[in-house]
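Please look through the sequence and the 3D structure shown here before reading the briefing, and keep both in view while you read.

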Amino acid sequence: MVKIYGIKNCGSVKKALNFLDSKGIDYEFIDFKKTPLMPKNLDFWLKKVDLKTLLNTKGTTYKKLELKNKNLNNEQIKAYLLQEPLLIKRPVIEYQGGIIVGFEANLYHQIQWRG
């Protein structure tokens, strides 16, 4: 089953959900505002993409926390992601053992969503 992580009012998440709905792809939506991010999820994602891909440096939360001005190492960034999941670039989609971060229509069209 496809799992999509994000927040309902995020434009990129809405595009991803609309895409999956239009293709009839079943998914489970996990809302960062309602469900805490588990360390095992973050660890799994970081086996597939690097930390810079997951960290949303353009978002309000990143700017509000002034993370640009802090000299954080990878472990500190991971701790922030677990504490403040809105720092994660959205959506994060788990499918068939892989993940996608963000919304890119061309990439979504190339994926074999069903096994």
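The briefing below goes through the helices, the salt bridges, the pocket and some details of the backbone.

This is a predicted model, in which local features need pLDDT of at least 70 and side-chain atom pairs count only at pLDDT 80 or more, while totals for chains, interfaces and linings use all residues. Residues are numbered from 1 along each chain as its sequence is written, and side-chain values use heavy atoms, with hydrogens and water left out. Helices (H or I, at least four residues) and strands (E, at least two) are DSSP runs, numbered from the N terminus.

- Helix H1 covers residues 11–22, and its 12 residues should span 16 Å at 1.5 Å a residue, which agrees with the 16 Å between its end C-alpha atoms; the expected span is 1.5 Å times one less than the number of residues in the helix.
- The terms for exposure rest on relative accessible area: buried means under 20%, exposed means over 50%, and partly exposed lies in between, with a 1.4 Å probe and protein chains only.
- In H1, the buried residues are Val 13, Ala 16, Leu 17, Phe 19 and Leu 20, and they cover an arc of only 160° around the axis, which puts them on the same side of H1; the arc is that of the directions from the helix axis to the C-beta atoms.
- Asn 18 and Ser 22 are exposed residues on the face of H1 that is turned away from its buried side.
- In H2, the residues Asn 41, Leu 42 and Trp 45 are buried, and because they fall within an arc of 95° when seen down the axis of H2, they line one face of the helix.
- The face of H2 turned away from its buried side carries Lys 40 and Lys 47, which are exposed.
- In H5, the buried residues are Ile 77, Tyr 80 and Leu 81, and their arc of only 100° around the axis puts them on the same side of H5, while Glu 75 and Gln 83 are exposed on the other side of H5.

**Salt bridges**

- A salt bridge is counted where a side-chain nitrogen of Lys or Arg is within 4 Å of a carboxyl oxygen of Asp or Glu, and by this rule the count comes to 2 salt bridges.
- One of them joins Asp 43 and Lys 78, whose closest N and O atoms are 3.6 Å apart; Asp 43 lies in helix H2 (residues 39–48) and Lys 78 in helix H5, so the pair ties together parts that are 35 residues apart in sequence.
- Glu 75 also forms a salt bridge with Lys 78, at 3.8 Å from N to O, and these two residues, being 3 residues apart in helix H5, are separated by about one helical turn.

**The largest pocket**

- On a 1 Å grid over the protein atoms alone, a pocket is an open set of points, where a 1.4 Å probe fits, with protein on both sides within 12 Å along at least five of seven lines, and its lining residues have an atom within 4 Å of a point.
- About 210 Å³ of space lies in the largest pocket, where a volume is the space filled by probe spheres set on the points, and grid points are joined across faces, edges and corners.
- The elements that give two or more residues to its lining are helix H3 (51–54) and helix H5 (74–83), and H5 gives the largest share, 3 residues.
- Residues lining the largest pocket include Leu 51, Lys 52, Tyr 62, Leu 72, Asn 74, Ile 77 and Tyr 80.
- The lining divides into 7 nonpolar, 1 polar and 3 charged residues, where Ala, Val, Leu, Ile, Met, Phe, Trp, Tyr, Cys and Pro count as nonpolar, Asp, Glu, Lys and Arg as charged, and the others, Gly among them, as polar.
- Leu 72 lies in the loop between H4 and H5 and is partly exposed, with a relative accessible area of 23%.

**Backbone details in the loops**

- A cis peptide bond, with omega of about -10°, joins Arg 90 and Pro 91, and Pro 91 is placed in the loop between H5 and strand E3 (92–95).
- Glu 66, in the loop between helix H4 (60–64) and H5, has a positive phi near 55° although it is a residue other than glycine.
- Gln 96, in the loop between E3 and strand E4 (98–101), is not a glycine either, and has a positive phi of about 40°.
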